[in-house]
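Visitor: I would like to learn how to read a structure like this one. Please take me through some features, one at a time.

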Amino acid sequence: MSVGEIFSDAQRSLVGHKTLAKRLRRLENTPNFEAHIKQCIFRLLDVSKSEVAGNRVIKFLTVYLEAAEATNQSTSSILLALLPFLCAKDKTVRYRATQLVSQILGVLSTIDDDLYKVIRHELIKRLRDKVPAIRLEAVLALGRLVENEMEDEDEEQDSDEDVAPGLLEKLLDVLQNDTNADVRRALLLNLPVTPKTLPYLLERARDRDGPTRRALYSRLLPNLGDFRHLSLSMREKLLRWGLRDRDEKVRKAAAHLFRARWIEDCVASRSEQSDEEKKEQKGFYPPNIPALLELLERIDALNTGNEAGVGREAMKEFWAGRPDYMDAVTFDDEFWDTLTPESAFMARTFNDFCQQSQDQKHQVMIEEKMPEVTRLGFHLQKHINELLVKVQNAIETDSDEKLAEQAEQEFIVEQLLYIAQTLDYTDEVGRRKMFSLLRHALSMADLPEECTRLAVEALRLVCNPDAAGEREFTSVVLEAIAEVHDNIVSDEGEEEGADADGDDDASFVSARSEVSDPDSNATPKNNNGSTGKNKKNQNLSEEEQEAQAIKEIVINMKCLHIAQCMLQNVAGNLQSNIHLRTMFDNLVIPAVRSHEVLIRERGVQCLGLCCLLEPKLADENMRLFTHLLKKGHETLQVMALQILCDILMARGPPSASQSQPTTVEGGGGGGAASPNNNNADSAGDGEQTNTAAGNANTNTNMTSLLSPFIKALSPNFVEEVRATATSSLCKLMLCGFYKENEELFDQIVERAMQLGAKGWELLEKVKNAVVVDREKEKLLEREEEEKGRELLQPPPTATVGPFGAASTRLSAAADDGAATNNDHGGGTGSARTSDGVVVAADGKTRLSSGGDGGATNAVDVDA
């Protein structure tokens with residue numbers, strides 16, 4: 001067979017390439033052998049990319065060059081012949097030439113240095129080719145070259161010092177900036193993994209192409225080796241990016257990486273098998289709970305296990321994909337007595353997964369593995385006591401080691417409280433135990449704020465969900481607040497026994513600032529208490545007075561935090577609950593009036609929560625929040641905008657009917673709101689005037705409600721305040737405030753764009769999305785109205801006019817409203833409906849302005 005016949009057979013099928021390569025190797029000594037091969041290769045250059053035969057021929061050529069151990073002379077001759085075609089004008093020729101060079105470089109073990117430099121230079125040019133397929137073949141070829149250069153760098157660092165870094169940097173630039181996803185993915189999978197390239201490769205977890213991100217989690221990371229070689233921050237980022245990806249396939253790949261690869265790396269390090277046995281290991285290792293705890297430690301469960309962390313999502317996927325670990329885990333008394341942050345987090349995630357699962361098997365696991373309410377209460381009490389001891393040690397020593405121990409114990413208590421929020425409290429004995437425990441825990445002044453918040457939430461679940469249970473919940477929390485205050489000030493009461501009696505009259509009132517009354521010149525109500533306090537302060541040094549002031553701030557902050565957590569867990573009316581009213585009068589109001597910044601901020605937060613419970617209270621304090629936006633510091637300004645937004649969202653968008661009572665009744669008195677004052681005394685125009693006045697009043701009210709947010713867009717405010725204003729406006733538009741106020745919100749968006757407020761891009765996107773939804777709603781409303789008219793349409797009583805059925809309906813309306821038309825001198829072919837709207841024969845709806853001639857002064861509106 002000749003060379004041409006062999007190549008002709010090779011393009012038909014991939015089967016038999018090795019046999020054809022042996023036949024071609026027998027012809028190497030024939031005359032003009034290289035010329036015949038080049039001729040066949042040149043014919044291949046014009047074959048389009050979609051032609052399968054071309055790929056088969058290239059595959060056959062690589063098989064021949066790899067198996068025949070071709071001489072460097074013949075290989076160099078083929079490569080030199082292909083080099084001129086790398087810069088051809090025809091994109092098909094450039095593609096085939098680059099593809100051939102890439103495939104040939106993949107099977108060669110050695111190459112001439114001069115030829116190597118020329119090929120490298122030409123391939124670098126192809127990195128900027130306008131055809132993505134050519135760039136793809138170029139990066140595949142250069143990926144092989146850069147790997148060889150980096151391997152030789154250790155041996156001959158001086159000679160390759162000016163070569164490898166330049167090529168690697170160019171490829172990394174392509175990896176980051178190339179517009180084609182296939183090119184970036186090819187570099188991701190073909191670049192060598194080194195300490196220098198690893199950050200760029202892991203960065204592709206944020207690539208805009210879904211398959212590229214999936215390739216990182218499913219192909220690169222599993223082949224990377226032990227995940228413990230990665231830094232702690234990179235592990236957390238990879239988990240967070242992967243498990244929260246918008247593509248479901250990427251999320252599945254990240255979850256599989258965590259539960260199938262990372263846990264196996266931890267188990268393998270604890271296995272007693274030899275290295276050969278580990279390599280031959282098929283499937284998963286047997287469940288190993290210490291290895292699971294090590295995995296949680298490797299992903300820093302202490303920090304990633306919070307609400308915003310990714311630890312809970314990772315463990316949810318772990319329990320879902322590893323039922324063998326669910327069967328192997330046990331929670332006995334020894335486990336609860338020797339809790340660590342990792343084991344507590346493991347128990348909490350196991351409980352959450354089983355509680356959220358619909359599988360009956362998981363519900364049975366909760367009954368079998370998790371302790372009952374009473375036993376968990378004892379364990380919780382033990383760990384809370386340990387936490388209080390470690391808090392005291394941390395305060396006394398103020399060392400990093402003690403602070404770390406406190407943080408770990410605080411995390412353990414938090415996980416137990418999360419578990420307590422999911423328990424079934426139908427068991428009265430367990431409910432009473434947990435009730436007394438949480439009640440006692442809230443009265444502990446040293447309990448950290450996060451634990452306090454979780455304890456309040458758990459206590460609300462322990463109490464009954466009805467109104468009586470809410471009253472019991474608020475009374476218990478207020479008692480705990482009083483105890484916290486009394487326990488903190490008890491030391492001073494022991495030292496100053498004579499003054500203690502004067503301070504016992506009002507525990508909450510003592511939190512009030514001495515200059516908090518509206519009339520700063522007024523005499524304080526508690527003259528005895530203030531006199532005693534002044535005498536006490538006179539006997540103290542400046543340092544003692546400063547320490548006492550700090551202690552009072554701590555008292556107030558702790559009490560206000562408990563009150564804030566309580567307000568976040570109640571839904572009843574403020575006036576109907578005497579306990580809430582007492583707390584509001586004696587704790588919230590003094591805090592808002594306080595001159596201490598921290599106390600005032602927390603007081604404003606509690607006041608905002610109270611306004612959500614009492615609409616009348618919200619109306620009374622709207623001016624206060626607006627004043628805080630104008631005169632307060634940055635934190636208070638942000639807080640005021642957030643509270644105003646919450647109040648508006650809780651009320652919902654105002655409708656025209658809500659503002660009708662504020663409009664002026666009668667035709668004569670509505671001249672200011674009427675669109676046409678000259679005809680305001682028309683007898684038939686009363687309802688129209690009221691409607692227009694109501695719409696105008698609605699727009700005026702909405703403008704006044706949104707004025708704080710509009711003012712906050714001004715450059716006079718800091719960026720954080722402006723960003724809060726734009727985000728609040730986005731929420732309001734999404735909650736239905738855009739309806740009936742399109743022009744106002746359009747003007748607000750334009751103003752935000754002109755002023756360059758932070759977040760105006762998001763504001764514009766939300767507005768566009770709401771406009772699209774609003775158009776769909778209008779279309780649906782029109783369709784429903786048309787269907788309703790068809791159902792209510794009477795039988796035809798007149799000749800069908802140019803407007804079809806509409807003319808028949810107008811005739812019927814004209815018969816019903818004949819008297820009305822006669823009274824106003826109605827024009828030809830028009831009818832007045834019962835609400836004063838004139839429907840003319842030209843198909844337009846007109847609002848009557850009264851007077852002779854009927855439609856003479858009518859205002860046209862869209863039908």
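Guide: Start with a charge and a ring. The charged end of Lys-433 is placed over the ring of Phe-378, at 4.1 Å from the ring's centre. Keep in mind that this is a predicted model.

Visitor: Which residue lies over the face of Phe-284?

Guide: That residue is Arg-322, which lies 4.1 Å from the ring centre of Phe-284.

Visitor: How do I read two rings together?

Guide: A pair of aromatic rings is described by how far apart the centres are and by the angle between the planes. Take Phe-7 and Phe-60: their centres are 5.3 Å apart and their planes stand at 90 degrees, which makes the pair edge-to-face.

Visitor: Which parts of the chain does the pair of Phe-7 and Phe-60 tie together?

Guide: Phe-7 belongs to helix H1 (residues 3–10) and Phe-60 to helix H4 (residues 52–67), so the pair joins parts that are 53 residues apart in sequence. Both Phe-7 and Phe-60 are buried.

Visitor: How many aromatic pairs are there?

Guide: The count is 14 aromatic pairs. Some rings are linked into a cluster by such pairs; among its members are Phe-227, Phe-258, Trp-262, Phe-318, Trp-319 and Tyr-325. Phe-331, Phe-335, Trp-336 and Phe-350 also belong to the cluster.

Visitor: Which residues of helix H13 are buried?

Guide: In helix H13 (residues 210–220) they are Gly-210, Thr-212, Arg-213, Ala-215, Leu-216, Tyr-217 and Leu-220. These buried residues pack against helix H11 (181–190), helix H12 (198–202), helix H14 (232–243) and H15.

Visitor: What about the loops? Is Asn-32 buried or exposed?

Guide: Asn-32 is exposed, with a relative accessible area of 56%. Asn-32 sits in the loop between helix H2 (17–26) and helix H3 (33–44). Its phi is near 55 degrees, a positive value in a residue other than glycine. Asp-300 also has a positive phi, near 60 degrees, and lies in the loop between H17 and helix H18 (301–304).

Visitor: Leu-27 is in the loop between H2 and H3 as well. Is Leu-27 buried or exposed?

Guide: Leu-27 counts as buried because its relative accessibility is 18%, and the cut-off for buried is under 20%. Leaving out residues up to four places away in sequence, Leu-27 touches Met-1, Ser-2, Val-3, Ile-6 and Phe-33. The C-alpha atoms of Leu-27 and Ser-2 are 8.0 Å apart, although 25 residues separate them along the chain.

Visitor: Where is Glu-614, and what does it touch?

Guide: Glu-614 is in the loop between helix H33 (597–613) and helix H34 (615–631). Glu-614 is buried, at 9% relative accessible area. With residues up to four places away in sequence left out, Glu-614 touches Asn-573, Leu-574 and Gln-575.

Visitor: How do I read the chain as a whole?

Guide: The chain has 42 helices and four strands. Of its 863 residues, 44% count as buried. Among contacts with a separation of 6 or more, 67% join residues 24 or more positions apart.

Notes:
Residues numbered from 1 in each chain as written. Predicted model: local features only at pLDDT ≥ 70, side-chain atom pairs only at ≥ 80, totals over all residues. Heavy atoms only, no water. Phe/Tyr/Trp six-rings, centres within 6.5 Å; stacked < 30°, edge-to-face > 60°. Helix = DSSP H or I, 4+ residues; strand = E, 2+ residues; numbered from the N terminus. Buried < 20%, exposed > 50% of the residue type's maximum accessible area, 1.4 Å probe, protein only. Lys NZ or Arg CZ within 6 Å of the ring centre and 35° of its normal. Contact = heavy atoms within 4.5 Å.
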